[in-house]
Structures are given as C-alpha cells and as structure tokens.
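Visitor: I would like to go through this model and ask what stands behind each label. Please give me the value, the cut-off and the conclusion.

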Amino acid sequence: MRDDPTVVALVTRAAGGDPAAWEEIVERYAPLVWSICARFQLSSHDRQDVGQNVWLLLVEQLGKLREPAALPGWISTTTHRECLRVVTAARKSERLGTGLDDALQFVDNTIIDEEILMAERNAALRAAFAELPPRCQQLLAMLTSDPPCSYAEISEKLQVPMGSIGPQRARCLDRMRRSRALSELGDVSWAEGEHHA
C-alpha cells in the first residue's frame, strides 16, 4: 500500500503544478484529515483551520518529500501535530495548564496506519463506484442512502421489478469488486457481506 504507484504519480504531478493532481490529493486524503480532527474533538472552526494548515504545509513541502509514496503518512502525522497545536493553544488560553494528556500526545503508528488504510480504501471505493455505469451508481446510491430506499421505491423510480433489484445489486457489486481501483488496493473483501445485507 505504501508503495502505491498512484500516490507517487499524484505527488509527482502535483509537485509539477498540475491542479487536477492537487484536487485529487485533497479529495483522496481530506477524509483522513477530518477523521483525525474528529478524534481530537475539535470545533468545526478549528477543524477548518487544521485542514487549511495541513494543505498549506503540503504545498510548501510536497516537492521536498524524500519518498512520494509516504504522502499519506506525512498527511496523518502533520494533521496530528496541527491538532495538538490547536488543543495546546486552547488549553493555554483557558488557563487550564499547558500539559496535554498522554493519550493526545502519543501518536500511535498503528492508528496512523489504520487511518491511512481507511483513506486509501475509501478513495479506491469512490474510484470503483465512479467506474460503474450510471444505472448501477443510481441503484447502489438508493440502497445505501440514509435511510435506504425501500425496494418498492427503487422499483418505481428505476422502473424495474422488485424481484430483480437483488440480482442487479449483486451484479453491480461484483462489477465494482473487479474494478481496477479495488484490484490495485489488494483488498476486495470489503463487500463480501454487503450483498447479504
């Protein structure tokens, strides 16, 4: 995963000034940044500040990364540091002391790896979903909406018999499993239980 050629290519293109590569990096790794901010229980305003600082620091450092494939780890570590900076500043301003809880100071490599894997998996899922035909995208979106649409609603909207919805869903998920994006990820077991739900 860490040697993902897609990440290396994105870093190379973004360092060369390709705006589409920058957008893809932000889209791919913004959920990682927000999940770390959520763990620190930052306010919405502080989350926005941390996010902006992370992306600004990346602009400054992207061309200096020794290993472009290490980008997800760099983003995770930088986000943790920025969150700690915000928490420390808030505690100082509230005069509650400057010491941080050990749990906040300690950046567990296992947690960072899990967050990176989750961000990469989510990016692969979005890419695989985008490769699906519009009909499959619409069906899966209706099935995964919150709350999910009933089979009756889906049948009426898509003009298909209710009995064909399950088989169509299975074919769409199978097509998604075989997508290039998920095969590059190397873990396509994400939906093994999904078609039984």
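Guide: Start with the contacts in the protein chain. Take those between residues at least 6 apart in sequence: 59% of them join residues at least 24 apart. Keep in mind that this is a predicted model.

Visitor: What does the secondary structure of the protein chain come to?

Guide: It comes to 10 helices and zero strands. From the N terminus on, the elements run α-α-α-α-α-α-α-α-α-α.

Visitor: What makes α7 and α9 roughly perpendicular?

Guide: Their angle. Helix α7 (residues 134-144) and helix α9 (residues 165-177) pack at about 110°. The class runs from 65 to 115 degrees. The two helices are therefore roughly perpendicular to each other. Their axes lie 10 Å apart.

Visitor: Which residues meet where α7 packs on α9?

Guide: From α7 come C136, L139, L140 and L143. From α9 come I165, Q168, R169, C172, L173 and M176. By class, this contact has eight nonpolar, one polar and one charged residues.

Visitor: Why is Q168 called buried?

Guide: Q168 is found in helix α9. Its relative accessibility is 18%. Buried means under 20%, so Q168 counts as buried. Leaving out residues up to four places away in sequence, Q168 touches L139 and V160.

Visitor: Is L58 buried or exposed, and how do you know?

Guide: L58 sits in helix α3 (residues 44-61). Its relative accessible area is 0%. The limit for buried is under 20%, so L58 is buried. Neighbours within four places aside, L58 is in contact with W22, I25, L71, W74 and I75. One of these, I75, is 17 residues from L58 in sequence and 7.8 Å from it in space, C-alpha to C-alpha.

Visitor: How many salt bridges does the structure hold?

Guide: Four. Side chains of opposite charge can pair when their charged atoms come close.

Visitor: What makes R13 and D18 a salt bridge?

Guide: Their closest N and O atoms are 2.9 Å apart. The cut-off is within 4 Å, so R13 and D18 form a salt bridge. R13 counts as partly exposed, at 35% relative accessibility. D18 is partly exposed too, at 24%.

Visitor: How do you know that E27 and R126 qualify?

Guide: Their N to O value is 4.0 Å. The criterion is within 4 Å, and the side chains are listed as meeting in a salt bridge. The pair links distant parts of the chain: E27 is in helix α2 (residues 19-39), R126 is in helix α6 (residues 109-131), and they are 99 residues apart.

Visitor: Why is E27 called exposed, and R126 partly exposed?

Guide: E27 has 53% relative accessibility. Exposed means over 50%, so E27 counts as exposed. R126 has 32%. That value falls between 20% and 50%, so R126 is partly exposed.

Visitor: What about R178 and D174?

Guide: Their side chains meet in a salt bridge at 2.3 Å, N to O. That value is within 4 Å. R178 has 57% relative accessibility and counts as exposed. D174, at 33%, is partly exposed.

Technical notes: Residues numbered from 1 in each chain as written. Predicted model: local features only at pLDDT ≥ 70, side-chain atom pairs only at ≥ 80, totals over all residues. Heavy atoms only, no water. Axes fitted to C-alpha atoms, helices over the stretch in contact; angles between N-to-C directions. Helix = DSSP H or I, 4+ residues; strand = E, 2+ residues; numbered from the N terminus. Parallel < 35°, antiparallel > 145°, perpendicular 65-115°, else oblique. Contact = heavy atoms within 4.5 Å. Nonpolar A, V, L, I, M, F, W, Y, C, P; charged D, E, K, R; others polar. Buried < 20%, exposed > 50% of the residue type's maximum accessible area, 1.4 Å probe, protein only.
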